[in-house]
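Have the sequence and the 3D view open side by side as you read.

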Amino acid sequence: MSLVTLFLSLVILIGIWFALNGNMLTTKRKLDTELKGLNTSVSSLKMENQQLTKQKKLVESEVVTNAPKIPNGLQIGEFLTDLETFIKETNMVINATDYKPMLVYPANKDNAGSAPSSLYRMESKFEVSGATADNCQELIDRLENQTRYTNVTELTYSASPKESEYTVTITFSTFFLSEYDTHKQVS
């Protein structure tokens, strides 16, 4: 009898042990799965951080420090003067111009803090006319190949060869940075 009681006690103890440890093992497996997921997330974030730290910031890039394609606001006037020079050198005449500077980033400057990093877009529209189609093509080529980034959003061309009048209307955007980004005063 005592052997049966010992055996029965042993079976009950083993049962209790498995019951208690079974819940703990299930909990441990769940925690291990969560830990594995978190480790994967941390690894991917570390890799992303390494890639981002290798990339230069826009204002420290060659684009801004050398012949700037995204100029300081001071240089936007120079850019527009260059455009007028392109027009004169291609024997074109300006019929109409329209320039609109717009804040691109941050969308709400009031929430940007005391010295916000700001990117502006200058939307320019001008209509020019010339005596030949080659004049129009040369102007477009110069605009495409000049040193600053421009995004042509609309281009209209009309020709009256009998009257020797060729008209081009170009709408494009160019971008410039705030004084804070370039550390140069914007006048």
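Start with Lys28, which is partly exposed because its relative accessible area is 46%, and that label covers values between the buried limit of under 20% and the exposed limit of over 50% (1.4 Å probe, protein chains only). Before going further, keep in mind that this is a predicted model, where local features need pLDDT of at least 70, side-chain atom pairs count only at pLDDT 80 or more, and totals for chains, interfaces and linings use all residues. Residues are numbered from 1 along each chain as its sequence is written, and side-chain values use heavy atoms, with hydrogens and water left out.

Lys28 has a partner: Asp32 forms a salt bridge with Lys28, and their closest N and O atoms are 2.8 Å apart. A salt bridge here is a side-chain nitrogen of Lys or Arg within 4 Å of a carboxyl oxygen of Asp or Glu. Both residues sit in helix H1, four residues apart, which is about one turn of the helix. Asp32 is partly exposed too, with a relative accessible area of 37%. In general, side chains of opposite charge can pair when their charged atoms come close.

How many salt bridges does the structure hold? There are three. Another one links Glu89 and Arg142, with the closest N and O atoms 2.3 Å apart. Glu89 belongs to helix H3 and Arg142 to helix H4, so this pair ties together parts that are 53 residues apart in sequence. Glu89 is partly exposed at a relative accessible area of 44%, and Arg142 is partly exposed at 29%. Then there's Arg121 with Glu123, whose closest N and O atoms are 3.9 Å apart. Arg121 counts as partly exposed at 26% relative accessibility, and Glu123 does as well at 24%.

Now zoom out. The protein chain has five helices and four strands; helices (H or I, at least four residues) and strands (E, at least two) are DSSP runs, numbered from the N terminus. Along the sequence the pattern reads α-α-α-β-β-α-β-β-α. Of the chain's 187 residues, 27% count as buried. Contacts mean heavy atoms within 4.5 Å, and among those in the chain with a separation of 6 or more, 68% come from residues 24 or more positions apart.

Back on helix H1 (residues 2-54), look at Ile12. Ile12 counts as partly exposed because its relative accessibility is 47%. Together with Leu8, Ile16 and Leu20, Ile12 forms a nonpolar patch on the surface, with about 390 Å² of accessible area in total. Patches are made of residues with over 30% relative accessible area and no salt bridge, with like charges joined within 9 Å and nonpolar side chains (Val, Leu, Ile, Met, Phe, Trp, Tyr) within 5 Å. The areas come from the Shrake-Rupley method with a 1.4 Å probe, and for residues only the protein chains shown count as cover.

What about the strands? E4 is mostly covered, with 12 of its 13 residues buried. On one pairing, 12 bridges join E2 to E4, and the two run antiparallel; strands pair if DSSP finds at least two bridges between them. E4 also pairs with strand E3 (residues 150-160) in the antiparallel sense, over 10 bridges. In the hairpin of E3 and E4, four residues lie between the strands, and Ser164 takes a positive phi near 55 degrees.

Thr167 counts as buried because its relative accessibility is 11%. Ile170 stands opposite Leu155, and its contacts beyond four places in sequence include Phe126, Ile140 and Leu143.

Ile170 also leads us to the largest nonpolar core, which has 19 residues; Ile170 is among those with the most contacts inside it, as are Leu83, Phe126, Val128, Leu139 and Phe172. The elements that give two or more residues to this core are helix H3 (73-89), strand E2 (119-130), helix H4 (133-145) and E4. Such a core is a set of buried Ala, Val, Leu, Ile, Met, Phe, Trp, Tyr and Cys residues joined through side-chain atoms within 4.5 Å. In soluble globular proteins, nonpolar side chains tend to be buried together.

One last stop is Asn91, in the loop between H3 and strand E1 (92-105). Asn91 has a phi near 60 degrees, a positive value in a residue other than glycine, and is exposed, with a relative accessible area of 56%.
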